[in-house]
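Please read it alongside the sequence and the coordinates shown here.

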Amino acid sequence: MDYKKVMTASSLMVGTLILAACGNGNANGGDSESNDKVVFNLPAGAEIPKMDGSLATDGESFVALMGTQEGLYRQDPDGTYKPALAVEEPTVSEDGKTLTYKLRDAKWSDGSKLTADDFVFAWQRLVNPDTAADYSYLMSGVIKNAEEIMNGEADPEELGVKAVDEQTLEVTLENAVPYLNSLLTMAPFFPLNEAYVTEQGSDYGIDSDHLLFIGPYTMTKWDGTGSFWTYERNPDYWDAENVGADEINIQVIKETSTGINLYESDDLDRVVLTEDFVTQYADNPDFVTEPNSFSYYIKMNYANEALANENIRKAIQYSVDRQAYVDRILQDGSIAIDGFVPHGLAQNPETGEDFRDESGDLAGYDLDQAKEYWEKGLEELGTDSIELELLGDDTDNAKRSSEFLQAQLQDNLPGLKVNLKNVTFKSRLQLNTDGNFELQVTRWGADFADPINYLELFKTDNTFNTSQYDNPKFDELIQASREETADLEKRWGYLLEAEKILIQDDAAIAPIYQMYRAAMNKPDIENWTTHTVGADYDYKWITR
């Protein structure tokens with residue numbers, strides 16, 4: 001496979017990309033001690049905000065949790081979902097709503113046995129309102145009574161999950177869910193050792209010394225905020241014989257030039273390239289391009305008087321030249337996108353047509369339209385100028401992106417002043433959670449392969465709807481798509497209509513691009529696995 005070529009949208013459907021190459025490079029990476037150990041030195045894009053699976057919400061945390069924990073299922077390198085802590089596929093009741101799983105004979109890193117109660121505890125903790133878990137929404141409309149518990153109308157003990165015995169877990173669904181196995185690979189559905197979590201209290205997950213592990217690796221040297229941590233092969237992992245590395249050292253790299261210097265001195269086995277380095281290294285034999293499902297967009301907070309105005313939002317949406325953005329700023333194979341749901345995520349259950357293609361272009365670039373909406377909005381607000389703050393991350397690439405968008409908006413919308421606020425990834429997540437932003441450059445990547453995973457974020461009562469978007473018709477369509485599991489074509493229609501309302505009718509967000517990642521990997525890496533759904537990377541199989 002020629003990894004210098006940008007992969008097409010159709011190849012995204014596979015769900016994973018594996019880079020398997022052979023070579024005679026240093027078997028230990030940059031500075032390992034023993035030729036018998038398989039050691040990697042890899043970069044991360046940001047610090048880990050959370051290692052508590054109930055509270056994690058971001059890509060960096062999910063990658064770390066995927067490496068150190070596990071659920072009933074795991075996504076294989078070929079993109080299929082295989083039983084992991086579940087021994088086999090569940091037995092299913094006649095109505096399809098009750099599933100019974102047999103668990104593996106697995107151990108936590110302190111030697112204690114995995115039991116069905118570990119899942120019961122974790123799932124009840126997730127939906128308990130006292131936990132305030134953003135990702136609790138994943139269980140809403142899926143696991144019986146989850147929504148009622150989250151709304152304070154039922155007790156966590158009434159959740160549709162119970163331990164039949166130590167090794168048998170029974171799960172009761174609200175409705176049969178076509179993407180359930182994909183959900184069960186996610187960190188919020190991972191088990192937690194109740195005795196340990198309870199003992200640690202508020203200290204659980206604050207650093208690597210306050211965690212238990214049941215995945216391929218254990219974690220060391222993470223102090224909860226720092227830029228370095230290490231994964232070590234977990235000898236008690238049930239599938240330890242198929243874990244590829246003995247040790248993986250992670251270093252947060254925010255400046256590409258720093259990463260390249262470390263890569264070229266053999267102190268890193270991989271470096272992610274930003275746009276200003278892609279052209280320079282595109283012909284390097286180590287160069288790879290990896291697709292993913294991240295949709296980047298401008299999130300607009302309805303709490304701001306100007307952004308609560310539909311014409312102002314539409315003016316912002318129409319004034320961004322998305323193609324110029326990917327051509328001039330990114331240059332890494334990323335593609336402009338005029339909707340929210342990315343290419344290659346899901347296909348029409350009857351025709352096989354890609355959702356993005358069928359939904360079409362919902363947010364165009366049209367300066368005449370932008371200025372027309374802008375003037376209407378200013379008139380309705382009774383002003384001739386507006387000042388807004390654009391929130392973004394503090395990496396070099398994020399800063400350049402913010403500056404491009406600032407120039408686009410200010411140049412194309414007379415009377416608009418945009419102030420930039422670039423903060424750490426962790427700080428931006430908190431500001432987003434608190435609803436403390438006006439405009440925000442953010443992204444969403446697929447947790448499971450269904451359009452609802454994107455669209456339901458803007459349902460009025462969704463914990464991620466921090467921009468306070470509220471449209472009853474949109475809510476009805478999302479709810480209908482959750483409940484309609486028999487006629488999948490009808491459900492598909494609900495989702496298409498919902499995206500049209502969100503983007504075209506209400507301009508609740510301004511889509512920008514779908515991300516492709518450009519990088520260089522050392523040629524002796526084998527079984528490098530990336531996912532377009534769920535955690536970006538899975539280090540379980542990586543070896544040399």
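## Sheet and pocket in a predicted model

Threonine 91 has threonine 100, in E6, as its bridge partner.

**The four-stranded sheet**

- Strand E5 and strand E6, the latter spanning residues 98-102, are paired in the antiparallel sense through two bridges.
- The open sheet to which these strands belong is formed by four strands in the order E5-E6-E8-E7, and the pairing is antiparallel.
- At the edges lie strand E5 (91-92) and strand E7 (161-165), each of which pairs on one side only.
- Helix H3, covering residues 116-127, packs on this sheet, where H3 touches both E7 and strand E8 (168-172); the direction of H3 makes about 165 degrees with that of E7.

**The largest pocket**

- The volume of the largest pocket is about 670 Å³, and among the 38 residues lining this pocket, those closest to its centre are Thr57, Asp58, Tyr135, Leu429 and Phe464.
- At least two lining residues are supplied by each of helix H2 (59-68), strand E13 (287-300), helix H14 (425-433) and strand E17 (439-444).
- Helix H14 provides the largest share of the lining of the largest pocket, with seven residues.
- By residue class, the lining of the largest pocket comprises 17 nonpolar, 12 polar and nine charged residues.

Conventions: Residues are numbered from 1 along each chain as its sequence is written. This is a predicted model: local features need pLDDT of at least 70, side-chain atom pairs count only at pLDDT 80 or more; totals for chains, interfaces and linings use all residues. Side-chain values use heavy atoms; hydrogens and water are left out. On a 1 Å grid over the protein atoms alone, a cavity is a set of points where a 1.4 Å probe fits but cannot get out, and a pocket is an open set with protein on both sides within 12 Å along at least five of seven lines; lining residues have an atom within 4 Å of a point. Grid points are joined across faces, edges and corners, and a volume is the space filled by probe spheres set on the points. Ala, Val, Leu, Ile, Met, Phe, Trp, Tyr, Cys and Pro count as nonpolar, Asp, Glu, Lys and Arg as charged, and the others, Gly among them, as polar. Two strands pair if DSSP finds at least two bridges between them. Contact means heavy atoms within 4.5 Å. Axes are lines fitted to C-alpha atoms, for helices over the stretch in contact, and angles run from 0 to 180 degrees between N-to-C directions.
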